[in-house]
Amino acid sequence: MGRRMSPTGFADALRPRWRAGARLALLALCALVCAWLGLDPLAQAVAQASGGAAQAQKQPDKMFVEADQLVYDKDKNTVSAVGNARIYYQGRTLQADRVIYDRNTQRLYAEGHAKMINKDGNVIYGDRFDMTKDFREGFVESLRSTTTQKTYFSAPHAEITQGAISVYNKGTYTACAACADNPLKPPLWRVRAKRIIHNNDEHMIYYTDAWLEFLGLPIAYVPVFSSPDPTVKRKSGILMPETISSSELGFGVEVPVFWAMAPNYDLTWTPTYFVNEGFYNDFEWRHRLANGNYFIRANGIYETNPSLFPASPYGSGNNRFRGSISSQGEFQLDKYWKYGWNLTALTDKWYFWDYPFANPLGSSYYYSEAVSDAYLTGQGDNSYFDLRGFHFEGLDPRDIQETQPNVLVLDYNRLFDLDPAKTHGIGGDVQADFNLTSLSEQLASYSPVAGPGFNPQTQLFDPAVGLYEYCQNYRPGTNAGDCLLRGIGGEQTRTTADVSWQRKFVDPIGGAWTPFAFARLNGEWLDLNTSNSFTATNPNDAASYTFFNSNQTNFVGQASGVQGYVMPGIGLEYRYPILVNTKLGSLVVEPIGQIIARPNNLIGSNSLVNMDSQSLVFDESNLFAWNKYSGYDQFETGTRANYGGQATFNLNNGGYVNVIAGQSRQVAGPNGFDQPSAVNNGLASGLQTTASDYVGAVTVAPIPWLDFTAKGLFNTQNFVPDRLDIASAFNLGAWTGGVDFANYQAQPILGYYVPREGLSLNSRYQLTPHYFLQGSVTFDMSRQYYPPSLTGFTNAGPWAIASESLGAGYTDDCTSLLVNYSSVYEDIGTGTLVHNQIFMVQLQLRSLGDAKYQQTTYANGAQPIDR
């Protein structure tokens, strides 16, 4: 095989390049001479020079040599492999311009472009190697080492011992590659130490008298420390400490301790000391098994100064012991079935607000509840089973825990394809759905219908009592002060079975006709608790108000009993897609019409309890739904027609435009959406009139880097949007961003006295391949509608900031740095906004560790914050 001759060495200068045949003849002659002289091991290895790399793989315990020539010095008793020398032994390869074997000392010396490739792929470069013949011991001058994980060692002098331990005297370590244009330029960061020991058996790196340098400048000194080498994914030891600063907690330092007890389970203990509140502890256990994994996390503190937090009901008060425990897991029983859980328990609902780093949800902002659940699910080709239990823990300041339900839900779905040949020509698809829901609450939950005197900030009529919503008239209605029953006090179990059939036919001119039929069977058991009550006390003036469970019978009629009903229906849907090809692309226009006929009233009886159908959003997604109510507690009656259409223009450049619009009309029978109910969800839905509001959506993505979506609900009288959502995103390569806007008109009968309006902007700009800027801002535009006499807030116009963030960062193959400021205005339920500001600096050094500093300022007081 061919060889690239070394430009150095006197032997290369004196002789021409040999052809492969002549070279093999010389090596054979050398082998005979070596055998006569008794030279070993290098001389003996030369005899097997041809195909050394391939031979070394087959016989790793034998030494193989490749070189341009062999030089024997009888006086010095040395044998030299000269010119592009390669020595293969036990998975290692030593390369150099010249390799000398000293028979007296039994050592190998490599000089000139010398490097050693270890069996793990790591490469050591040096000016000179001085090694034992088995490569297990030796010295390297002017060492530079590159690992397969792209980390780098260097030292003027290094020692290799026991074949696995490298000692770098006055060495450096970094994960940053040398600058291609200027290799002598210092890397972004490196550790420079008096001694660095890399133990490949332990996979650990030990540093003595170490400095951390940035751009060649020392910034931090550590007398002794150690870190796992880059091959280690998890290793027991002390992790990088982090600092936390909070206006309530004070300055804090956490030092995580990690135990890798086995390859599949570990424990992390994170003790933290806060100047104001004392020691906080966090334990996390993780366990991976053959069919799944789980974790358990417990944390808590015995506060030394609990009075630093607000008193109840605005804070935890004088509670000293505070904490939480959480667990999450999922296990696969087989390819169809799995079970799991997600559990959270708290000492108080303020804990995640005061200790946000303990929150498994990641942040306390805008999370109004902690949801625990356990589940069993099965997924087949045409069926789905889900059994799930829920427990809710309210985190909102106004939440009364006794109004939070415990719920058990069973869902089963099955699809059947009917063969027309076997069903007398019927054919089509049959879908069966079964749902069982059982819930229990101690207290009924009420909220008022809004009107004059209603404070949109506290969601209360003034004068307010404490934090809690209350009604002036505990009865269903649409007048200010009437009441909405958001949750029952007592127990309810409901079973629902839905069966539906549909089949699609295409006529000769391309029209698609889909007849369908359905039936709902519903059974309910109800047992209301009419004896419990709850008294709210205003901490400011000791005024109190009592909520009674007995009032809920005004909404649902009987307090207990069994009821049931049947609701059948039939319908027909027609679509006629029209295709038009143009020079710019293809256009598909599809008018759609649908008629659904049902009895005017339920066949049977049903309570007015509404627990899972309270959310009713009428838009283009459910325009052609057979039942527009969410959940199972409510169902449409009478005959309804839905009509509209959609058009899609697919551009030749890959872009597209899609438009969908339509309307719904009650054709016959009573319109259930225009009737007051326990939650009044139909009255402000846009469906409460005979001819509904218009719904529509437009999506425009004309080019790959831009998309825009707008959807809304439009009044039939003046086409003014009652609800409008706009979202847009762009990607210009270095610059990306997005805009979200929402405007919902006031819905007093649902408790929303003023319009809800908001604007969110976010953007990121890549200044260079490594540096970036990012930011976001959210405006609470609703605040411009708040009556200052009630809320006490200065009218800031539409630009009242709800949250904002600004950050800058740097990232490359070895370093990640993020500096970020965020600000959130939180409503703690007192009519006062709390201004929560977080400043964070996070530095990650690949393979070495990360450091984080976070400072939180939590400002509140008796006076609202003007912005």
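Biologist: Taking buried as under 20% relative accessible area, exposed as over 50% and partly exposed as in between (1.4 Å probe, protein chains only), how much of the chain is buried?

Modeller: Buried residues account for 43% of the 867 residues in the chain. This is a predicted model, in which local features need pLDDT of at least 70 and side-chain atom pairs count only at pLDDT 80 or more, while totals for chains, interfaces and linings use all residues. Residues are numbered from 1 along each chain as its sequence is written, and side-chain values use heavy atoms, with hydrogens and water left out.

Biologist: Which cysteines form a disulfide?

Modeller: With a disulfide taken as a pair of cysteine sulfur atoms within 2.5 Å, the count is one, formed by Cys176 and Cys814, whose sulfur atoms lie 2.0 Å apart. The two cysteines are 638 residues apart, Cys176 in the loop between β9 (165–174) and β10 (189–199) and Cys814 in the loop between β47 (801–811) and β48 (815–827), where strands are DSSP runs of E of at least two residues, numbered from the N terminus.

Biologist: Are those two buried or exposed, and what about Cys179?

Modeller: Cys176 and Cys814 are both buried, whereas Cys179, at 29% relative accessibility, is partly exposed.

Biologist: Switching topic, which residues touch the most other members in the largest nonpolar core?

Modeller: A nonpolar core is a set of buried Ala, Val, Leu, Ile, Met, Phe, Trp, Tyr and Cys residues joined through side-chain atoms within 4.5 Å; in the largest, of 41 residues, those residues include Ile87, Phe129 and Trp189. Strand β11 (residues 204–214) contributes the most to this core, with five residues.

Definitions and conventions
Helix = DSSP H or I, 4+ residues; strand = E, 2+ residues; numbered from the N terminus.
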